[in-house]
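Take a first look at the structure below.

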Amino acid sequence: MPVIRIDGQDYEVKEGDNLLQACLGLGLDLPYFCWHPAMGSIGACRQCAVVQYQNAEDQRGRLVMSCMTPVSDGAIFSLAGDKAATFRQAIIESLMTNHPHDCPVCAEGGECHLQDMTVMVGHRDRHYRGLKRTHRNQNLGPLIQHEMNRCIACYRCTRYYRDYAGGTDLAAMAAHNHVYFGRHEDGVLESEFAGNLVEVCPTGVFTDKPLQQEYTRKWDLQSAPSLCTGCAVGCNTLAGERYGKLKRIHNRYNSEVNGYFLCDRGRFGASFVNHKQRLDWAGRRSANGRFDAIDSDQALQHLAAACQRGGLAGIGSPRASVEANFLLRTLVGADNYSPGFSAAEQPLVELALSLQQQTRALIPSIKQIESADAVFILGEDVTNTAPRIALALRQSVRNIAYTMAAQLRLLPWQDAAVRNLAQEQRNPLFIAALADTRLDDVAAATLHLAPADIARLGHAVAARIRTARAHSPATLSPNKVSPNKVPPNEVMDEALQQQADTIASALLDAKRPLLLSGTGCGSAAVMAAAADIAAALGSPAAATVTKGNVNNSDSDSDSDAENSSTTASKVDSDAAGPAVMLCLAVPEANSLGQALLTGPSAPTLEALTVRAVGGEIQTLLVLENDLYRRGPAADIERLLQHVAEIIVIDSLDNPTLSASTLALPAASFAESEGTLVSMEGRAQRHFPVFLPAKERRASWQWLLACLQAISHPRTTDLQHFDDVTNACASDIAALANITKAAPDHLFRNAGLAKVPRQPHRYSGRTAMGANVSVHEPKQAADEDSALAFSMEGVNQFQPGALLPFVWAPGWNSNQSLHKFQTEVGGPLKGGTAGAKLLQQTGAADDHAAPLSPSAFKPVTGQWLLVPRYKIFGSEELSAHSPAIAQLLLPAYLEITAADAERLQVDEGDGVQVMDSASGATLATLEVRINDTMADGCAGYSVGHSAHQGSIFNLVAGTGVALQKADPWQRRTQSAPGADLIATDSPTNSNTAAPGGPNHV
Amino acid sequence: MSLDRPLTRNVRPDRTPTDLAAYEANGGYQGLRRALGKLVPAECLQIIKDSNLRGRGGAGFPTGMKWSFVPMENASPGHKYLVCNADEMEPGTFKDRLLLECDPHQLIEGMILAAYTIQADIAYIFIRAEYHLAAQLLREAIAACNAKGYLGENILGSDYSLTMHVHTSAGRYICGEETALINSLEGKRATPRAKPPFPQVSGLWGRPTIVNNVETLCNIPHIIERGADWFQALGLTADAGTKMYGVSGRVKNPGCWELPMGTPIREILMEYAGGMEDGYQLRGFLPGGGSTDFLTPEHLDLAMDYDTIGKAGSRMGTGTMIILDDKTCPVGFVTNLMEFFARESCGFCTPCRDGLPWSAQVLNDIEQGRGLPEDLHTLARQVTFIGAIGNTHCALAPGAMEPLASGLKYFREDFERHISGGHCPWCDGGVN
């Protein structure tokens, strides 16, 4: 480790780091703008200048930019030196020549990196007498507010948006001090990751537009460590509240999971928490069919009474916490508990779990996905099903750039140099999908195939790998499977065979090949094929496996050591053989937790329906689950009609809730504690950001109260949330490690205090409720967690799972994060949040691979229904966020141009979807023409609100006939947000045109 | 004549272009024939190194040394590029234009030889769009060369192949900076790149690339044909060869001439430019374009070469002088340049993007009579802040500060008169 001298003191620093990251890692304050830990250095802002001395005798020294200066042993620097300090002040003063002094009305104020840096360099007096340049701002859609006059031209936005996230519609334009960062014209930013601009921008150019509707400063936000419930990736979030409303979501750094970035569904999709259709009171259906509000005690009595009557069954939810599901399952009994998946989904999720349990391949974290050097995606449109992974894949294809750079002795953080060197050279990424995906631009090849053909291609790739391995005995492959696997009956067409060869050889050449699939194309065969390739490629590198027999239970064990920083993971030279990764996406935030809780062969919704029809079920408890999203309406109605008492615990009104006899208002994720298990089997905890209003209670509290009311033996000694977690961990072996997801409620920071949810500068505590009562309310106690609804406490040193906000003296912005990291880009000082649960046996790798399915043969006049996911719309709750709601499309059916012509329909026309077998009309949808759609397939939008008929009648894999819908009312609006350009008027409505005040 | 003035030997008095036949008739492509027949690339490189040719674009970096950084043989398989920087935009500079318009084949031969030396397989001429006549002539010349076998596959029957393209710039001063030029050529924003890596290792499309000025490349055929010693002997001082010198401003005969390297300034100014126009006195001059420090009449006897001018506190730059006479306001002169540089900043780094407009604003205030005494302090601060190489991302801003820094040194009383008098003395005098 090199030793450098800074202002007379010696420090040990990490080889290959630049001086800026070394300084920040050492806890030294050094101002910067253009550098970003995830994006490296370009040397644009010149803010991080320091003096470097040639040797001990050199008294003058010369200015160097610390972000562009590699540390080297014996180097001598001064941060405090006059020359550097004066220069840094001059930089800020220059930036300020055009920066408006509008901090009081700027949404960034109080967490502005520019403010922090200005104060840090000590710039005070203004010498510039000229005019400030002004820009016209753009309406960038409902998510991001644009205020270009504040821009200090650090180039972070375009570097993030274009270089990191692969967006194309935001660019630096014009030159000199008129350089402009925006789109070619007003319009919704296209990238699914645009929201990160809010955190990437060091000042108030890009800000959170929904937050501005009812603005709160960072210092006035009460926040808690939370989790995104938008998909199964499990991104860590910081959720902020004021006045009982969830104000915003920021990224919560987790070096293994989301790193520095979220997707827009995660960032902007949580305000369903504030929805006016949230349930406030318990409701009991009266004789006249209406709901009467009842108080919680009455509700509980009804609940308990119903539960004691027998004939009890429960439907859990993949979007509810492990604890709530566990309690419901305990209440109704495992045999009467269905995990709440749709009939099609349940076997898929169970398969995803068992494939992961039985493979020897590494189940990768996001960070490990970033380190992949060859990727094959089978069927999964990750940008729309598990978006954050798409962002990681965009980084993985750049690993070759770091290898090339290393040959020229360039360091990974020399961002511009590395990009200029590698240009368009990328690691191989192959995509076999139902149609086009947003990753096509970085793919080596994209194939648009029906699910069966994707699976066949996968098996063909596996067969080629086995053949290749069989011919080279020197390889490390421990495969016992015979290489001459029976090939599919039908001969694959030649082009596909060639693709299989190409893909197989790319995967064979890779050190860290990644197979990515999931439930997203509705096909078990596709996932099995992905696992087959992983098996063919062999086990992960010995180093990764031997330790504890692939038991990744300890959250920050080997993976942290292996990839301790972003830069290290980028140039990974694994000598021990290939580390094969298998990543299988599942649909919801706790899908995998449900599969782990119930194990295989849990009762399905259909099974419960059969029993209900048979009169076995009198009372049905539904936990946070809109059953109408889980199957055809007729099937759900059949179930509900045969049950006398339907008790629904949920937070937002939905059709299932409307069909209930007793409705119990649930707290949302932001008002409750819970454990969720992500798709990589990582158990993570979210904590209440604020107390649930009115009669809302966390689902686990309703259920625990009920269990105790009926004196259920399992729950007599359960009191706190942690007791439930512990009970679940001890009852369910597969969930034993969920207790490690976060510290329990007894944890005290530094042995003394709870962790505060409110920053030191939290204001108005005594005045906030003065319009109701002038008496200062007592601070609410939090009996269930180690966090306090208070300003008092210590927000430092605690485990990463308990980080409610980032702040450090002099660092009010999110850039203060480095004060909480062991090193820049490294794990948090308190350890990485979460605990990995999956116990892998590797059994599948030693067994014969599953047989390839038969080829898909399109039949004229018949289409195979395939699912098409959308980041905005396919997920239930985020679609209720007002900002997201503005970007939703009505349900649609994607067909090729040829099929459209055959049906004599055009884009925007209606099409009737009929079951080929029964002839029944399933849905009537809007036509969208997508010529990349696999032949003979019709893609239906998953989860979108239906235009006519129920989209949930559609099941992937169904053969359907199509027919032009007549009559059909075409929408006038052709694209989401198309009306944006015409308006910039502020509105609170979630259906009308979006837009905030456009500052001039 | 032809041996003393190799670069302009084909320049006709009426400035009509020399076509391929005329170029060949006057001994053209002999250097190429010599090299491709007899010399391996390493030998060519050695000749250029021995010749002590220094880059004529302004920085004066030894050409042979620059070329020697290009990885040779199989160390770096794939394309290599030679780029001719014909984006001549330095204020007061018009030397490359003369060479381009009058003798395009000389440049092409030089480029083929340079490309052969570094074993580049693709060459670009990056030319400013305003030089449309030159661009057209170059395109015609390249077509003629392709037809004649000087360019294309297996040049003159050798193993060596080279493709050459003309690319007209979209027009920014910063494109003259070689890495900004490369970015522009790639279709990106014309912002300079951080170095290292140098273009010789990772340049155009990430591949080894040499960027040379027009005049530099025009010297190559002659050096290869006649040898390093001949070239060394052309110069009057330590620097070798001839140089295209130019003079603009209130002189009797503004223009551009090829003269031996190290010709005294007085000789250029008095003999070739004909001395000052009647009624005008010389107050100072920028020796090598708009981004060099002022020199004054006391420097007239200095030799115009890189080291001599450097020691005098300025730079020879492009070798084209801009004259400041006694009836032109030095503050206005500097302001005009500063506005140019502020406008031409690429906007990438802070000191240049925001510092130059600030300096221009202060200068404008002074010139308009709104200056305050502390403005001179502000300008001095800006000179320190922006002027040092390394403080900024590239050399544009330090270059831009050179006329200001030296102007403050030599013409300080003029600045002070503007501020104390509250107006520009020249404007009131009715001149300019």
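In this predicted model, helix 3 (residues 41-51) and helix 6 (residues 104-118) of chain B have axes that come within 7 Å. These axes cross at roughly 120°. The crossing of helix 3 of chain B past helix 6 of chain B is left-handed. Helix 3 of chain B brings P41(B), C44(B), L45(B) and I48(B) to the contact. Helix 6 of chain B answers with L113(B), Y116(B) and T117(B). By class, this contact of helix 3 with helix 6 of chain B has 6 nonpolar residues, 1 polar residue and no charged residues.

Now the domains. The table gives the assignment for both chains.

| Chain | Domains (residues) |
|---|---|
| Chain A | domain 1 (3-95), domain 2 (279-343 + 604-732), domain 3 (349-588), domain 4 (863-969) |
| Chain B | domain 1 (6-234), domain 2 (242-325), domain 3 (330-429) |

In chain B, the C-alpha centres of domain 1 and domain 2 are 26 Å apart. Domain 1 of chain B puts 15 residues into their contact, and domain 2 of chain B puts in 20 residues. The domain 1 side of chain B holds 6 nonpolar, 5 polar and 4 charged residues. In chain A, 56 Å separate the C-alpha centres of domain 1 and domain 4.

Last, the two chains together. How many residues does each chain give to the contact? Chain A gives 33 residues and chain B gives 30 residues. On the chain A side, strand 4 (62-65), helix 2 (82-95) and helix 15 (415-422) each give two or more residues. The side of chain A that touches chain B has 20 nonpolar, 10 polar and 3 charged residues.

Definitions and conventions. Residues are numbered from 1 along each chain as its sequence is written. Chains are lettered from A and ligands numbered from 1 in the order in which they are written. This is a predicted model: local features need pLDDT of at least 70, side-chain atom pairs count only at pLDDT 80 or more; totals for chains, interfaces and linings use all residues. Domain bounds come from an automatic or database domain assignment. Two residues are in contact if their C-beta atoms, placed from the backbone, lie within 7 Å. Helices (H or I, at least four residues) and strands (E, at least two) are DSSP runs, numbered from the N terminus. Ala, Val, Leu, Ile, Met, Phe, Trp, Tyr, Cys and Pro count as nonpolar, Asp, Glu, Lys and Arg as charged, and the others, Gly among them, as polar. Axes are lines fitted to C-alpha atoms, for helices over the stretch in contact, and angles run from 0 to 180 degrees between N-to-C directions. A crossing is left-handed if the near helix is turned anticlockwise from the far one by less than a right angle, and right-handed if clockwise.
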